[in-house]
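User: I would like to go through the labels used for this entry and the grounds for each. Please show the structure before we start.

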Amino acid sequence: MTVPEQTADTPAAPPVTPSAGAGPAPSPVKQILFFGAVAAAMLLLTYGVYLSFFVAPTEMVMGFVQKIFYFHVPAAWIMFLAVFIGAGASISFLATKSDRADRLAHSCIELGALFGIMVLVTGPLWGYKAWGTPWVWDVRLTSSLLLELVLLAYLLVRAFAGPGARSLAAGLAIFGVVQIPLIYYSVDIWRGTHPPRLVAEGGLHADMRTALYVCFFGFAFLFSALLAARLSVGRAAARLDELHLLAEEADLPEP
Amino acid sequence: MKLRPVSLATSLGALSLLCVPLLTATPFLAFADDYGAPGVATPGEASAGGPTVPDAEPVAEAAPAEAAPPAAEAKAPPEPPPGFEAVTGPGAAQADVDPIPLVIVAYLFIWAMVLVYLVLLWRRQSRVNEEIQSLAQRLERAAGE
């Protein structure tokens, strides 16, 4: 029983020494970038909480509950960003069949779903006080829910659909990104219950805007750190799959 | 593709979390149809992206005179189903909700989600690393034979 030798046509086999089992350690630059992103996220989010509670004025109509805005909106923006990157990587995967693009897409969509859940839970908490009900079937709310369901469908397809799941999921990611302009401009087109785009239109107090941007950059660094961690898990899982293939080719018995 | 328990747990957890707003919304849906008057503008600079239908008390001051009429006038309330008592006014049950717990829950929920995700990620990484080590050892042993 031997491990098959690699030829020029087959991809290089990963080293099978136990010491290198988990794959090569990340480079120092990558480690510095990762811990830098974690530190920046912690600092900015702490500062953002301080700004939103102690510096930004209380909103005139809604009062204290409006403070949810400073995390609700950045979470939504990060969800959009994650879906954009995920869809771009999915297109790249469909064009090139690159494993790296697929891993990036999968990681981004998973994080997009995470931030989407934050949006869909914090929004109704805000609405419960401001509207008197946590949920209305407004276009923006409904389309956001639809996007979240598409992202969850992507994850379910990746988990259970078997061979061909990667291409099918890539299609779902592209379908998801098409919804983002609809979500973003829905408040302009249909004038529903959800507030209009005040940040883009300039209808925001300067201190509120500062707090919002600080929170947004904190979330962006948090997203970067989580993405790096998720990609690392993805690389390890890919390496495990390669080793499973080697074990199958070598007719290795199950332990 | 291999079935991964952590992926399944993540998916199920996400789905169950999604059910929270839907389930809590259900009792209010009929009421919301009457209460949610669309198109009421928030005042300019003092606004911060808040919902456009504020509480009953401030709306009289904040909304412009030509704003949309109250929903109760525009549309008659539906007949209450037999066996239930009608609410006396829109938002009566929610008008006095204390906002502080809502804000605290919202902020804590975000951090809880990040924490749960990190724990799941860490567990997934540990499990994959263990499998890699074990498989690499078996392959090395097999190559040695």
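Analyst: In this predicted model, A:Val83 has a relative accessible area of 0% and is buried.

User: Why is A:Val83 called buried?

Analyst: Buried means under 20% relative accessible area. A:Val83 has 0%, so the residue is buried.

User: Where is A:Val83 placed, and what does A:Val83 touch?

Analyst: A:Val83 lies in helix 2 (residues 69–96) of chain A. Leaving out residues up to four places away in sequence, A:Val83 touches A:Ile109, A:Leu151, A:Gly176, A:Val177 and A:Ile180.

User: What makes these contacts?

Analyst: Contact means heavy atoms within 4.5 Å, so each of the residues listed for A:Val83 has heavy atoms within that cut-off.

User: How many helices and strands does chain A have, and what share of its residues counts as buried?

Analyst: Chain A has seven helices and zero strands. Of its 255 residues, 53% count as buried.

User: Which element of chain B has the lowest mean pLDDT, and which the highest?

Analyst: Helix 2 (residues 29–35) of chain B has the lowest, at 35, while helix 5 (residues 99–144) of chain B has the highest, at 91. Chain B as a whole averages 61, and 34% of the residues score at least 70.

User: Where in chain B does pLDDT stay under 50, and why does a low value matter for reading coordinates?

Analyst: The stretch is residues 20–72 of chain B, for which the model has 109 contacts beyond four places in sequence. Where pLDDT is low, the predicted coordinates should not be read in detail.

Methods: Residues numbered from 1 in each chain as written. Chains lettered and ligands numbered in written order. Predicted model: local features only at pLDDT ≥ 70, side-chain atom pairs only at ≥ 80, totals over all residues. Heavy atoms only, no water. Helix = DSSP H or I, 4+ residues; strand = E, 2+ residues; numbered from the N terminus. Buried < 20%, exposed > 50% of the residue type's maximum accessible area, 1.4 Å probe, protein only. pLDDT = per-residue confidence, 0-100.
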